[in-house]
Amino acid sequence: MKKIICKKEYDTETATLVKKFTSGALGDPAGYEEDLYQTPEGLYFVYGVGGETSKYPTEDIQRMAKTKVKDWMENH
């Protein structure tokens, strides 16, 4: 998936996967996956996808500040 946020491109095809997180079981409508990526430029983003009642009912990319990465890693 590719998304432009604030004139910067975030692309799961060209970024490096740092960590995967799964919540819920396969087929769970509230379940979701979050994948933390780092772009070649050093920016971070989370790719999320999930069930219809999850926080990611449609796939999405959200940028992440470098200052938040350590906290995300420790809590996922």
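Predicted model: local features only at pLDDT ≥ 70, side-chain atom pairs only at ≥ 80, totals over all residues.
Is Cys 6 buried or exposed? I opened my notes with that one, and Cys 6 counts as exposed, because its relative accessibility is 53% and the cut-off for exposed is over 50%.

**Entry 1**

I stayed with Cys 6 for a while. I found Cys 6 in the loop between strand 1 (2-5) and strand 2 (8-11). Its phi is positive, about 50°, although Cys 6 is not a glycine.

Cys 6 and Arg 63 are 57 residues apart along the chain, and their C-alpha atoms are separated by 9.8 Å.

**Entry 1: the chain as a whole**

Next I stepped back to count elements. I get 1 helix and 6 strands for the secondary structure of the chain. Following the sequence, I read the pattern as β-β-β-β-β-β-α. The radius of gyration is 12 Å, close to the 11 Å that the globule rule gives for 76 residues, so the chain is as compact as a globular protein of that length.

For the extents, I noted that the C-alpha trace spans about 35 × 25 × 20 Å along its principal axes. Of the 76 residues, 34% count as buried. I looked at contacts between residues at least 6 apart in sequence, and 34% of them join residues at least 24 apart.

How many bridges join strand 3 to strand 4? I find 7, and the two strands run antiparallel. In this pairing I picked out Phe 21, which stands opposite Glu 34 in strand 4.

Strand 4 then pairs with strand 5, again in the antiparallel sense, over 7 bridges. I noted two of the facing residues here: Tyr 37 stands opposite Phe 45 in strand 5, and Leu 36 has Val 46 as its bridge partner in that strand. The hairpin of strand 4 and strand 5 has 5 residues between the strands, and in it Gly 42 takes a positive phi near 95°.

I went on to the next partner. Strand 5 is joined to strand 6 (residues 60-64) by 5 bridges, and these strands run antiparallel. Here Gly 48 stands opposite Asp 60 in strand 6.

Why is strand 4 largely enclosed by the rest of the structure? I checked its residues, and 5 of the 7 are buried, so strand 4 is largely enclosed. Strand 5 is mostly covered, with 5 of its 7 residues buried.

**Entry 2: the largest pocket**

I turned to pockets and wrote down a volume of about 150 Å³ for the largest one. There are 13 lining residues, and those closest to the pocket centre are Ala 25, Leu 26, Gly 27, Gly 31 and Tyr 32.

Which strands each supply at least two residues of the lining? I have strand 3 (16-23), strand 4 (32-38) and strand 5 (44-50) on my list. Sorted by class, the lining comes to 4 nonpolar, 7 polar and 2 charged residues.

My last stop was Ala 65, which lies in the loop between strand 6 and helix 1 (66-75). Its relative accessibility is 40%, so Ala 65 counts as partly exposed.

I took one more distance from here, to a residue closest to the pocket centre, Gly 31. Ala 65 and Gly 31 are 34 residues apart along the chain, and their C-alpha atoms are separated by 25 Å.

Terms used. Residues numbered from 1 in each chain as written. Heavy atoms only, no water. 1 Å grid on protein atoms, 1.4 Å probe; cavity = no way out; pocket = protein on both sides within 12 Å on 5 of 7 lines; lining within 4 Å. Points joined across faces, edges and corners; volume = space filled by probe spheres on them. Helix = DSSP H or I, 4+ residues; strand = E, 2+ residues; numbered from the N terminus. Nonpolar A, V, L, I, M, F, W, Y, C, P; charged D, E, K, R; others polar. Buried < 20%, exposed > 50% of the residue type's maximum accessible area, 1.4 Å probe, protein only. Pairing = 2+ DSSP bridges. Rg over C-alpha atoms; globule rule 2.2 N^0.38 Å. Contact = heavy atoms within 4.5 Å.
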